[in-house]
Amino acid sequence: MNKLKIFLTILLADTICIAALSQVPVEASHYRPTGIAPKFFGPYAYPVPDLGEAKTSDKLTLQLAGDVNIGHIGGKNALDYTYAPSFKLVIPLWTDRVNLSCWGEFYEWWQDTEATRRERRYYEQNALKSHGSGQVWLGLDILALREKKKCPSIAITANLLTAAGGKYDCARHYDAPGYHFTAEIGKGITFRDSSTLRFSGTVGFVCWQTDRGAQNDAVMFGIKASYNHRIFTLGTEYASYIGWEKYGDAPQTIKARLDFHVNRFSPFIYYVHGIKDYPFDQIKVGLKVSFDVLKFIKKETTRH
């Protein structure tokens, strides 16, 4: 088992290095950039993925939220807006070391401006105010190495973006699948009151299909810090990825999240500030509910 963990970690690290080396500059490839990039689409086309903490969960969790996205690609006097109800479901697969997750937006409503439309280069006949289907993601998180007193934890993730998002002609979604893989390393400091301060780092790669039949390969990286108390959890992170086209495909984000804990319920507020090629600010308000399904499964197994 230990050899398998080491092999998986090395395999992911090698894959990340290959993805980085495969980033051929557009000038050398004789191709013009496609513009199929986060800067020129809606906030859910391929946002910078949320970072993990090199941990997995032993509880089934369901998260429901309402999102408000304020876009500023059109300038300060021509802001665009996107509204969406979002969800996330995390399921432990018979063990606390492997989680299956699914998340996305049920639906989205948006309001653009003429300046927004010019920057995103979609047709004038398309309505500036409309609605459409959202994205759906599937992910698998694996805890490769448990945290010990002098040893950090290591986790690897594999995530798939479906082609569920629509309205390509309005520059909302890429209308194509994508995926990203990450390796995470994290270490926590526990205080006398049982609260913890945790630091983690993430590296990986992001890939999505463009309209030329080729994919854009981006190197992903980020750092995160969080403080966990029995009453609340506060976390902040910086995350980014950089594609090889070098044209609207290097989004950067600063994120902050505050959760309050009331038994199995955790109301939260989440804020995302986009920099450079992610011209959005997002506010997410919602509720997370946790269920200790592994404890129930163990009881049922023992009973039989």
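Contact is taken here to mean heavy atoms within 4.5 Å. The structure is a predicted model, in which local features need pLDDT of at least 70 and side-chain atom pairs count only at pLDDT 80 or more, whereas totals for chains, interfaces and linings use all residues. Residues are numbered from 1 along each chain as its sequence is written, and side-chain values use heavy atoms, with hydrogens and water left out.

Ser200 lies in strand E9, which spans residues 196–209, where helices (H or I, at least four residues) and strands (E, at least two) are DSSP runs numbered from the N terminus. When residues up to four places away in sequence are not counted, Ser200 touches Gly52, Glu53, Ile185, Gly186, Gly222, Ile223 and Lys224. With a relative accessible area of 10%, Ser200 is buried, the classes being buried under 20%, exposed over 50% and partly exposed in between (1.4 Å probe, protein chains only). The side chain of Ser200 reaches the backbone oxygen of Gly52 at 3.5 Å.

A search of the whole structure finds 13 salt bridges, each defined as a side-chain nitrogen of Lys or Arg within 4 Å of a carboxyl oxygen of Asp or Glu. Among them, Lys284 pairs with Asp67, the closest N and O atoms being 2.9 Å apart; Lys284 lies in strand E14 and Asp67 in strand E1, so this pair ties together parts that are 217 residues apart in sequence. Both Lys284 and Asp67 are buried. In another salt bridge, the side chains of Glu147 and Lys187 meet at 3.4 Å, N to O. Because Glu147 belongs to the loop between strand E6 (136–145) and strand E7 (153–161) and Lys187 to strand E8 (residues 178–190), the pair ties together parts that are 40 residues apart in sequence. Glu147 is partly exposed at 31% relative accessible area, and Lys187 is likewise partly exposed at 26%. Lys55 forms a salt bridge with Glu53, with 3.6 Å between the closest N and O atoms; Lys55 is partly exposed at 46% relative accessibility, whereas Glu53 is buried at 17%. Asp80, Glu108, Asp112, Arg120 and Arg172 are linked in a network of salt bridges.

On the surface, a nonpolar patch is formed by Leu62, Leu64, Val68, Tyr83, Phe106, Tyr107, Trp109, Ile269, Tyr271, Ile283 and Val285, with about 960 Å² of accessible area together. Patches are made of residues with over 30% relative accessible area and no salt bridge, like charges being joined within 9 Å and nonpolar side chains (Val, Leu, Ile, Met, Phe, Trp, Tyr) within 5 Å, and accessible areas come from the Shrake-Rupley method with a 1.4 Å probe, where for residues only the protein chains shown count as cover. At least two residues of the patch are supplied by each of strands E1 (60–71), E4 (107–111), E13 (265–276) and E14 (280–291), and the largest share, three residues, comes from E1. Val285 lies in strand E14 and is partly exposed at 48% relative accessibility.

Terms used
A polar contact is a pair of N or O atoms within 3.5 Å; within protein, one must be able to donate a hydrogen and the other to accept it, and residues adjacent in sequence count only if both atoms are side-chain atoms.
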